[in-house]
Amino acid sequence: SVRNLENTLEELEQNRVEMSTYICINSDIIGLMTADDPEALKQDSQLWLDHAPMRFSQDTLALKGYVKTLGIYPENGVQPYLRCMDSSSYVPDLDTVKHTALYQDVVASRGKIYWQLVPKNASEVYQANRSDKIVLFREMYDLSKRHPLAYLAIGADAQKYRELCEASVAYESDSVMVLNQQGEELVSHGDIDDKTVKFLKGSQFR
């Protein structure tokens, strides 16, 4: 059951990893990130639909019902692309996002995937967050890996993960906890004693 849970969670994560990779390599999106005159582009209210394949991304969000939000914050000043499927709303500008500790952690990852639980009503990512979300963060770079192009955030409903964890346990005494790379809890199910939690979150376990 543990192996089955691992495979299912990996499939959920891979869907968002592939979405983020698509955003990172798409030439039209990169064109917006590297535009010399972002102020002129801001005059187009349909910027992301006119110059980038965001209808495809919107269709992907609709098909993957557990994926609720997609945020792309260009570093060059182009207006962010912010899409929410559950009446949540992102922080609207990159300058505000840059003042958060989470942004600094993601940038320090140098383009690697960074997973984080964002609780309902937390304000570092969303102005209004309607549910707990497990969010994929990623800083997008140019090919040289020297110049940041955009800050990405793709959020999924944490309830989907909790349901999978609950379905994986066979007995009432069983429990499960899913951690990110930093040893922080993403979701859990069942009663886990403090000593075990401390061990699982400790550096010796990772």
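Which residue in S7 is the bridge partner of Ile-72? The views below start from that pairing, in a predicted model in which local features need pLDDT of at least 70, side-chain atom pairs count only at pLDDT 80 or more, and totals for chains, interfaces and linings use all residues. Residues are numbered from 1 along each chain as its sequence is written, and side-chain values use heavy atoms, with hydrogens and water left out.

**View 1. Strands S1 and S7 pair in the antiparallel sense.** The bridge partner of Ile-72 in S7 is Leu-152.

**View 2. An open sheet of 5 strands with antiparallel pairing.** The strand order is S2-S1-S7-S6-S4, with strand S2 (81–84) and strand S4 (114–118) at the edges, each pairing on one side only. Direction ignored, neighbouring strands of this sheet are turned by 20° against each other on average; axes are lines fitted to C-alpha atoms, for helices over the stretch in contact, and angles run from 0 to 180 degrees between N-to-C directions.

**View 3. The hairpin of S1 and S2.** These antiparallel strands are joined by 4 bridges, and Thr-69 has Cys-84 as its bridge partner in S2. Between the two strands lie 6 residues, and Gly-77 in the turn has a positive phi of about 100°.

**View 4. Helices H1 and H8 meet in a right-handed crossing.** The axes of helix H1 (residues 2–25) and helix H8 (residues 158–168) come within 10 Å and cross at roughly 165°, and the two helices are therefore roughly antiparallel to each other (angles under 35 degrees count as roughly parallel, over 145 as roughly antiparallel, 65 to 115 as roughly perpendicular and the rest as oblique). A crossing is right-handed if the near helix is turned clockwise from the far one by less than a right angle, and left-handed if anticlockwise. Leu-5, Thr-8, Leu-9, Leu-12, Glu-13 and Arg-16 in H1 meet Lys-160, Tyr-161, Leu-164, Cys-165 and Ser-168 in H8, where contact means heavy atoms within 4.5 Å.

**View 5. Tyr-103 and Tyr-151 form a tilted aromatic pair.** The ring centres are 5.0 Å apart, with 55° between the planes; rings of Phe, Tyr and Trp (its six-membered ring) pair if their centres lie within 6.5 Å, and planes under 30 degrees apart count as stacked, over 60 as edge-to-face and the rest as tilted. Tyr-103 lies in helix H7 and Tyr-151 in strand S7, 48 residues apart, so that the pair links distant parts of the chain.

**View 6. The hairpin of S8 and S9.** Strand S8 (residues 176–179) and strand S9 (residues 185–189) run antiparallel and are joined by 4 bridges, with Met-177 opposite Ser-188 in S9. The hairpin has 5 residues between its strands, and Gly-183 takes a positive phi near 80°.

Technical notes. Pairing = 2+ DSSP bridges.
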